[in-house]
Amino acid sequence: MDYQDLLYVEQDGVATITINRPEVYNAFRAQTMEELIHAFQRAGWNTDIGVIVLTGTGDKAFCTGGDQKSHAGSYGGRGTIGMPVEELHTVIRDVPKPVIARVQGFAIGGGNVLALLCDLTIASDKAQFGQVGPKMGSVDPGYGTAYLARAVGEKKAREIWYLCRRYTADEAERMGLVNKVVPHEELDAEVAAWCAEIMAKSPTALAIAKRSFNADSEQIRGQAAMGLQALALYYDTDESKEGVRAFNEKRPAEFRKFQKK
């Protein structure tokens, strides 16, 4: 695949996948998801690769979720909501290699979910995390909710979704969303050090360990499929469309005027 939205590099057993849409804070569209799926499969089944790093271009954003300029009831591609979200989430979990999220800036919305799904997350002290779905007329009714609750606890996960606040890297580390926070200028060296440690381990043992961890939360895949089907219906409502309009018009959304009585 000739990538338009990604940069892909293999070096010393590490495949680095970089979302390359800095003009929209590395938000993804349908094309981005297709390329991410291809890149993860490419790296995940290459026996020369031992670790996959997911990151974003520039210092401002890791990923800020779905590109609202591409969203008008659907993102225009394939999949339940016009993007193959289920496939991307599945491939991150299914590739038999540890995946590290290198978070240097905003990990918001769907970007926060991607960082969550990676096996490990290393963050710059400038990084910020959070969900925005209920502010935008959207939600991630699968791994973004159920798996988040496993990572940070039920009460904290509900706070994250219901209030749509942003959290610093240190706050994210304390709640269990991040493995380690380092000064911004040390991020690449820290990620490289973790990759080197992983490369020294048995790849088969790591693959078994990853699949064993995943088995415990595998039922969330079914919840996600059902939830995304409901989300597709929600996207067709005036209430959800108000979120997109408000975002594009740079004003607060007035969701309740469209709520069904």
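The following dialogue examines how several labels are assigned in this predicted model.

Student: Why is T32 called buried?

Tutor: T32, found in helix α1, has a relative accessibility of 0%. Buried means under 20% relative accessible area, so T32 counts as buried. Leaving aside neighbours within four places in sequence, T32 is in contact with D5, L6, I19, R21 and A27.

Student: What makes K126 exposed rather than buried?

Tutor: The relative accessible area of K126 is 56%. Exposed means over 50%, and K126 is therefore exposed. This residue is placed in the loop between β7 (120-124) and β8 (128-130). Beyond its neighbours within four places in sequence, K126 is in contact with Q104, G105 and H184.

Student: How do you know that R78 and E87 form a salt bridge?

Tutor: The closest N and O atoms of R78 and E87 are 2.5 Å apart. A salt bridge requires a side-chain nitrogen of Lys or Arg within 4 Å of a carboxyl oxygen of Asp or Glu, so the pair R78 and E87 qualifies as a salt bridge.

Student: Why are R78 and E87 classed as they are by accessibility?

Tutor: R78 has 38% relative accessibility and E87 has 36%.

Student: What makes D119 and K210 a salt bridge, and where do the two residues lie?

Tutor: The closest N and O atoms of D119 and K210 are 3.0 Å apart, and the cut-off is 4 Å; the pair therefore counts as a salt bridge. This pair links distant parts of the chain, with D119 in the loop between α3 and β7 and K210 in helix α9, 91 residues apart. D119 is partly exposed at 32%, whereas K210 is buried at 6%.

Student: What makes helix α2 mostly covered?

Tutor: Seven of the ten residues of α2 (residues 85-94) are buried. They are V85, L88, H89, T90, V91, I92 and R93.

Conventions
Residues are numbered from 1 along each chain as its sequence is written. This is a predicted model: local features need pLDDT of at least 70, side-chain atom pairs count only at pLDDT 80 or more; totals for chains, interfaces and linings use all residues. Side-chain values use heavy atoms; hydrogens and water are left out. Buried means under 20% relative accessible area, exposed over 50%, partly exposed in between (1.4 Å probe, protein chains only). Helices (H or I, at least four residues) and strands (E, at least two) are DSSP runs, numbered from the N terminus. Contact means heavy atoms within 4.5 Å.
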